Amino acid sequence: MRNYFLKLVLLFIPVLVQYKADAQKFEGLAMTPPMGWNSWNTFQTKIDEKMLREMVDQFVASGMKDAGYEYFVLDDGWMARERDGEGRLVADPLKFPSGMKAFADYVHGKGLKFGIYNCAGTKTCAGYPGTRGYEYQDARLYASWGVDYLKFDWCYAEQLNAKEAYATMSNAIKKAGRPMVFSLCEWGNNRPWEWAKDIGHLWRTTGDIVKCWDCEGKNGVMAILKRQDHLRQYAGPGHWNDPDMLEVGNGLSLNEDRAHFSMWCMLAAPLMAGNDLRKMSEETIAILTNKDAISVDQDPLGVQGFKWAERDSVEIWFKPLKDDHLAVCFLNKSSKVKDFVYDWKMNAVADSVSGLKGDFKKQSYHIFNIWTKEKNGSTAKPLRAKIGPHDVLMFRLSR
Ligand code: GLA
């Protein structure tokens, strides 16, 4: 009998060890890349409930909500410096005098979803209490507040195994019982695209974005873009590569903002705006709410676009879309206007990830310009166009 019992235990050891590192996230969330707003890029830890309520109001009034943005996410700095006597996280009473539940209710009252931030390590990146050792307790607290989205960072985590740490938090969310989009933010250090599909819904692929086009040695828009293409086979409905939040409206030129937004749409990237919604120019609103660009990002096939060719500093990107449509983006990386000629028929396109085979000799497409809203003829004739410096031409091609 004892022998039998021992055998039984031995049989289950591999299952128990597996269980530790595996997780089964809430399925059916983020079937298209999440869209929303996050406080970090503009405000860092300088957030408070008065300012944030104004931001929520503008989220709706500016048309962002109507354009499809959904999650209102507080990043680092929302909490008090210490947990309470029972180990609970507490919203900073000076920043959130009405408490976090009241703030979450305000967000929900506007028909939006509510997101919050913490970190797998012992502290957050800005030095507030981290979640290490409190995963289940924190998840229950977030569920009781009505949290719908958790961004989970990777500071003060030197001793941890990334897969295990993120699986633990994912399991804690599942156990707490409230569906939450789980956003992994370990900057691509541990190749989360290889192991996080069942753990979370999106994972950062690089360090923090810097609001510049192409700045030496930093994560400007171009530097991040360069590091996405080889990860595309890992993205799809429910699990996305995250090249970090948007810097649109934060000081890039108009062309650069348009190109940055277009390329994030081509990448099927999460679209988390990071600008002060109370101070948006008409141009910024027009970029962030361009429904035709957003529909490329949100296409239900969920195929991440790819760079097909480069000619004279112009990159040519394709993204297969539903109903055999294609998005095409010509990206002028240079600081000069380019006179550009592109003969579709001489340039068949193929993609092993999506199975796309596009031969423009056999099949011609109508061309719709996503930024000017013009119909630009068809692919039967060569395209002749000028592309501004650091700008794009972005089209939807349909049969
Ligand atoms: C890290 C993340 C950022 C932001 C800050 C907050 O740097 O990558 O996106 O959340 O922490 O401290």
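At what angle do helix α3 and helix α5 pack, and how far apart are their axes? Before I answer, a word on the model: it's predicted, so local features need pLDDT of at least 70 and side-chain atom pairs count only at pLDDT 80 or more, while totals for chains, interfaces and linings use all residues. Residues are numbered from 1 along each chain as its sequence is written, and side-chain values use heavy atoms, with hydrogens and water left out.

Okay, the helices. Helix α3, residues 49-61, packs against helix α5, residues 100-109, at about 15°, and their axes are 10 Å apart. Helices here are DSSP runs (H or I, at least four residues), numbered from the N terminus. Axes are lines fitted to C-alpha atoms over the stretch in contact, with angles from 0 to 180 degrees between N-to-C directions. That angle makes α3 roughly parallel to α5; angles under 35 degrees count as roughly parallel, over 145 as roughly antiparallel, 65 to 115 as roughly perpendicular, and the rest as oblique.

Who touches whom? E49, L52, R53, V56 and D57 in α3 meet A102, F103, Y106 and V107 in α5, where contact means heavy atoms within 4.5 Å.

Now the second pair. Helix α6, residues 135-145, and helix α7, residues 162-176, pack at about 45°, with axes 8 Å apart. That makes α6 oblique to α7. On the α6 side, the residues in contact include Y136 and R140, and on the α7 side they include M169 and I173.

Last stop, the ligand. Among the residues around the ligand are W40, Y117, K151 and D208, and being near it means having a heavy atom within 4 Å. Some side chains also make polar contacts, meaning pairs of N or O atoms within 3.5 Å. A polar side-chain atom of D75 sits 2.6 Å from a ligand oxygen. For W187, a polar side-chain atom is 2.9 Å from an oxygen of the ligand, and for R204, a side-chain N or O atom is 3.3 Å from a ligand oxygen.

Notes. Helices (H or I, at least four residues) and strands (E, at least two) are DSSP runs, numbered from the N terminus. A polar contact is a pair of N or O atoms within 3.5 Å; within protein, one must be able to donate a hydrogen and the other to accept it, and residues adjacent in sequence count only if both atoms are side-chain atoms.
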